[in-house]
Amino acid sequence: MNTKKIGTIYILGIILIFISMALSITYGTKYVGLSDVIDAVLSRNTESFNVNVVQARIPRTIFGVIAGASLAISGVLMQTITRNPIADPSILGVNTGASLFIVIGIAFFNIQSKLSYMGLSFAGAMITALIVYKLASSGYSGPTPIKLAIAGSAASIALSSIINIVLMPDSSVMTTYRFWQIGSIGGTGFDDILLILPIFLISVIVSLLSSDNLNILLLAEESAVSLGLNINRVRLMAALCGVLLCASTTALAGPIAFVGLMVPHFIRMVVGSDHKHLITCSGLYGSCVLILSDVAGRILGRPGELESGIITALLGAPVFIFIIRKARIQSL
């Protein structure tokens with residue numbers, strides 16, 4: 001792809017992020033004007049209700065940028081290391097594994113801190129990803145798209161059953177989990193941003209530094225080895241980054257589905273498979289998708305709001321069906 005076209009895609013993504021952030025701050029269950037935004041940024045007129053609304057939306061919006069980019073980049077990495085177009089935290093059951101470990105921590109160890117949530121989420125996500133990939137790899141033809149989808153669905157059903165078993169005896173745990181499980185960036189603040197930001201930056205930097213190796217990983221294994229690539233090490237690093245991005249977001253915002261599936265798929269159609277651009281553009285447009293989904297949920301759910309996880313599921317389900325049909329046709 002020529003440099004001019006890629007530059008246009010980057011510029012469009014940056015413009016869309018600023019538009020999305022502006023909409024997130026000004027629109028919702030209540031509209032606020034530009035003067036209210038300026039007052040909130042400058043900490044003026046803090047007794048105004050509109051200014052307080054803006055001050056609550058600013059960290060929510062910033063967190064949405066980070067969370068959307070994290071989920072989209074996680075999807076890119078998972079799709080690359082599995083060579084599978086439908087690899088995504090929600091499809092592979094990774095979100096459910098993270099949820100199970102968090103529920104166990106709440107129910108049996110009375111864990112309340114979000115830092116502990118993140119640790120449990122990472123452990124559950126990593127173990128689930130390994131189990132699903134192992135199940136899909138068994139038998140003839142290895143981890144095909146259909147086998148990964150079936151293994152991920154089976155794992156999600158089984159883990160969801162265990163979650164219900166843990167939740168049923170304790171209504172307080174069920175209440176805590178009920179609001180978390182849908183997936184929403186509402187209620188997040190600057191403390192959450194400070195928790196997720198280091199993980200996000202480290203994972204993205206490592207992923208971008210590994211972009212050339214990830215490009216080689218797309219080749220046949222024999223070709224990659226002949227070029228001197230340590231396949232297992234590259235896959236391990238990419239898997240760690242992908243699960244860290246997914247798990248940290250899931251711990252703080254709940255299991256938001258399909259962002260990591262649909263965004264990388266469409267970005268790959270536009271910019272190709274060069275991971276330097278694929279990772280960066282997926283992060284940009286993933287942020288836009290999650291923020292706009294959050295805004296749509298606030299507007300459609302008036303006077304309350306629909307969680308962003310519901311909106312991304314409504315958007316992502318048709319994309320999932322499209323990708324599955326495409327993969328099936330290509331295999332015929």
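Q: What is Arg60 in contact with, leaving aside its neighbours within four places in sequence, and what makes a pair count as a contact?
A: A contact is defined by heavy atoms within 4.5 Å, and Arg60 reaches Ile185, Gly186, Thr188, Asp294, Arg298 and Glu305 in this way. The model is a predicted one, in which local features need pLDDT of at least 70 and side-chain atom pairs count only at pLDDT 80 or more, whereas totals for chains, interfaces and linings use all residues. Residues are numbered from 1 along each chain as its sequence is written, and side-chain values use heavy atoms, with hydrogens and water left out.

Q: Why is Arg60 called buried?
A: Buried means under 20% relative accessible area, exposed over 50%, and partly exposed in between, with a 1.4 Å probe and protein chains only. Arg60, which lies in helix H3, has 11% relative accessibility, and therefore counts as buried.

Q: What makes the pair of Asp294 and Arg60 a salt bridge?
A: The term requires a side-chain nitrogen of Lys or Arg within 4 Å of a carboxyl oxygen of Asp or Glu. The closest N and O atoms of Asp294 and Arg60 are 2.7 Å apart, so the pair meets that criterion. This pair links distant parts of the chain, with Asp294 in helix H13 (residues 275-300) and Arg60 in helix H3, 234 residues apart; here helices (H or I, at least four residues) and strands (E, at least two) are DSSP runs, numbered from the N terminus. Asp294 is itself buried, because its relative accessible area is 1%.

Q: How do you know that Glu305 forms a salt bridge with Arg60?
A: The closest N and O atoms of Glu305 and Arg60 are 2.8 Å apart. Glu305 is in the loop between H13 and helix H14 (308-331), 245 residues from Arg60 in helix H3. At 32% relative accessibility, Glu305 falls in the intermediate range and so counts as partly exposed.

Q: What makes a group of residues a nonpolar core, and which residues touch the most other members of the largest one?
A: A nonpolar core is a set of buried Ala, Val, Leu, Ile, Met, Phe, Trp, Tyr and Cys residues joined through side-chain atoms within 4.5 Å. The largest such core has 68 residues, and Phe63 and Leu77 touch the most other members. Helix H3 (residues 49-82) gives the most to this core, with ten residues. Apart from it lies another core of 15 residues, among them Met78, Met126, Ala151 and Ala247.

Q: How do you know that the radius of gyration of the chain agrees with a compact globule?
A: The radius is taken over C-alpha atoms, and the globule rule is 2.2 Å times the number of residues to the power 0.38. For 332 residues a compact globule would have a value near 20 Å, and the chain has 20 Å, which agrees.
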